[in-house]
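Trainee: Could you take me through one part of this predicted model in detail, starting from the chain as a whole and then staying with a single helix and its surroundings?

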Amino acid sequence: MMSQMPQQTALSRCPSCEEPVESGDRFCGACGYDLSAVPARPDDSPTIALNGAPPGGPWPQAPHPPAPHTTAPHPPAELHLPTDLRSSASGEHELPPVPPQSGPVLGSPVSPVSGVRFDRPPEPDEYPLQAPDPRVAAGAATPAEGTKVCVACRAGRVDDDGYCENCGHAQPRERDHMEQELGPIAAVSDRGLRHHRNEDAFTLGTSVLPDGSPATFAVVCDGVSSATRPDDASLAASRAAADALLAALPQGTHPQQALHEAIVAASRAVNSLAGEPATAREHQPHQNAPACTIVGSVVTPSLLVVGWVGDSRVYWVPTDRSSPPARLTEDDSWAAQMVAAGLMNEAEAYADERAHAITGWLGADAYELDPHTASFKPDRPGVVVVCTDGLWNYAEAADEMAEAVPADAAARPLHTARVLVGHALDGGGHDNVTVAVVPFPTPAQGAGSA
């Protein structure tokens with residue numbers, strides 16, 4: 001129950017600032033003076049202004065000329081300072097006396113200078129934080145095994161919205177850095193050092209051929225940044241291609257034909273993004289339809305197959321470094337066309353600012369789809385490096401790529417993928433970087449390309 005206020009004295013002006021007040025007002029609208037704290041006017045005594053009296057000091061005479069609400073100046077028989085007034089907080093509890101001070105104290109029941117009453121308990125000097133400071137949090141419970149832990153405080157659990165429940169720190173997006181190891185193959189994708197998001201995607205898969213022999217594959221896609229939703233395009237393409245390969249290989253479809261069909265399926269998946277959702281291009285009407293490049297490789301015990309559209313690449317790096325490495329794809333790019341036409345040599349073409357303008361891609365506004373495929377029968381073990389230009393920009397020639405690949409790449413594919421991504425980041429990381437490493441086993445027989 002709120003404490004009852006003293007009976008208000010009928011005043012025409014505020015005793016503190018002389019602002020006109022109306023009957024029934026409890027506080028001055030100009031300065032906030034508590035009009036209810038003014039004691040009742042005695043019949044035979046003058047009304048003294050309560051502002052300006054120094055605590056504990058002599059009570060001053062009324063100013064000259066006298067204020068409009070005062071009578072002829074003469075001291076009352078008994079004077080009371082504002083600190084002598086009895087005040088109570090909510091609940092009718094008497095407030096403690098206020099020691100004399102030189103100025104008003106926020107949180108005290110009555111200000112000694114202005115006479116304004118504060119009917120609230122003293123406020124603390126510090127308030128507890130909404131969430132504990134992770135730098136000083138002590139005894140934080142260790143998250144259960146398998147729980148995603150905050151990258152900032154290393155203690156809090158990450159909620160479904162991507163924020164730490166302990167310190168509130170937003171976590172990196174899942175696609176900013178992705179790693180996967182699937183049996184003998186592995187891949188790593190990283191946003192790089194310059195892009196605001198990762199527009200690459202990859203999918204790894206293993207299958208069994210009708211004769212019982214194993215098959216592995218890797219699909220890598222690079223979103224076209226000048227198009228709408230490039231990250232969605234690369235993800236849709238990589239997943240559609242993987243689904244097609246997983247369906248075709250166990251049925252006995254030749255790996256080269258299966259990879260061709262997988263690229264066609266990926267193209268359809270990207271094309272479908274141009275019409276959904278209907279508002280996807282509402283705020284960017286001048287951008288192209290979603291688009292990406294694609295490159296993939298299928299490895300069996302005796303066959304190495306590659307397929308691509310765009311400028312992502314596949315490299316062959318033999319375990320025996322005395323044998324030459326090789327690039328197994330040809331770019332769909334302006335530079336490659338200039339070299340093929342004999343108008344420039346490779347160094348001149350790739351030094352041109354138009355070098356990376358692609359001439360082939362997956363998307364609704366692409367030219368006629370023309371998937372490229374090729375198959376090889378290596379005569380020795382090695383690894384297949386499937387990558388976007390975010391990597392090969394820093395190891396363009398086959399010899400340069402082989403130099404960056406660790407000697408034990410076939411035995412440690414995930415480590416190798418991490419090393420290659422690190423090589424690109426060390427070189428500047430201007431683009432998203434994605435690389436898959438697929439070891440090739442020693443074939444039973446055969447050599448050369450088919």
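Mentor: Of the 450 residues in the protein chain of this predicted model, 43% count as buried, and the accessible surface comes to about 23800 Å², with 52% of that area belonging to carbon and sulfur atoms. The chain has seven helices and 14 strands, and among its contacts with a separation of 6 or more, 60% are between residues 24 or more positions apart.

The part to look at closely is helix 7, which runs over residues 413-427; its 15 residues reach 21 Å from the first C-alpha to the last, close to the 21 Å expected at 1.5 Å a residue. Buried in helix 7 are Pro-413, Leu-414, Thr-416, Ala-417, Leu-420, Val-421 and Ala-424. Because these residues cover an arc of only 165° around the axis, they lie on the same side of helix 7. The cover over the buried residues of helix 7 includes helix 5 (389-392) and helix 6 (398-404), together with strand 3 (177-182), strand 4 (185-190), strand 13 (382-387) and strand 14 (433-440). Just after helix 7, Gly-428 takes a positive phi of about 140°.

In general, the strands of a sheet pair through backbone hydrogen bonds, in either a parallel or an antiparallel sense.

A last point concerns the cysteines. Cys-387 is buried, with a relative accessible area of 0%, and Cys-221, likewise at 0% relative accessibility, counts as buried. A disulfide is a covalent bond between the sulfur atoms of two cysteines, and with a cut-off of 2.5 Å between those sulfur atoms the count of disulfides comes to zero. For Cys-221 the closest cysteine sulfur is that of Cys-292, and because the two sulfurs are 4.7 Å apart, they are too far from each other for a bond.

Definitions and conventions: Residues numbered from 1 in each chain as written. Predicted model: local features only at pLDDT ≥ 70, side-chain atom pairs only at ≥ 80, totals over all residues. Heavy atoms only, no water. Helix = DSSP H or I, 4+ residues; strand = E, 2+ residues; numbered from the N terminus. Expected span 1.5 Å × (residues − 1). Buried < 20%, exposed > 50% of the residue type's maximum accessible area, 1.4 Å probe, protein only. Arc of directions from axis to C-beta. Contact = heavy atoms within 4.5 Å. Areas by Shrake-Rupley, 256 points an atom, 1.4 Å probe, with all protein chains shown as cover.
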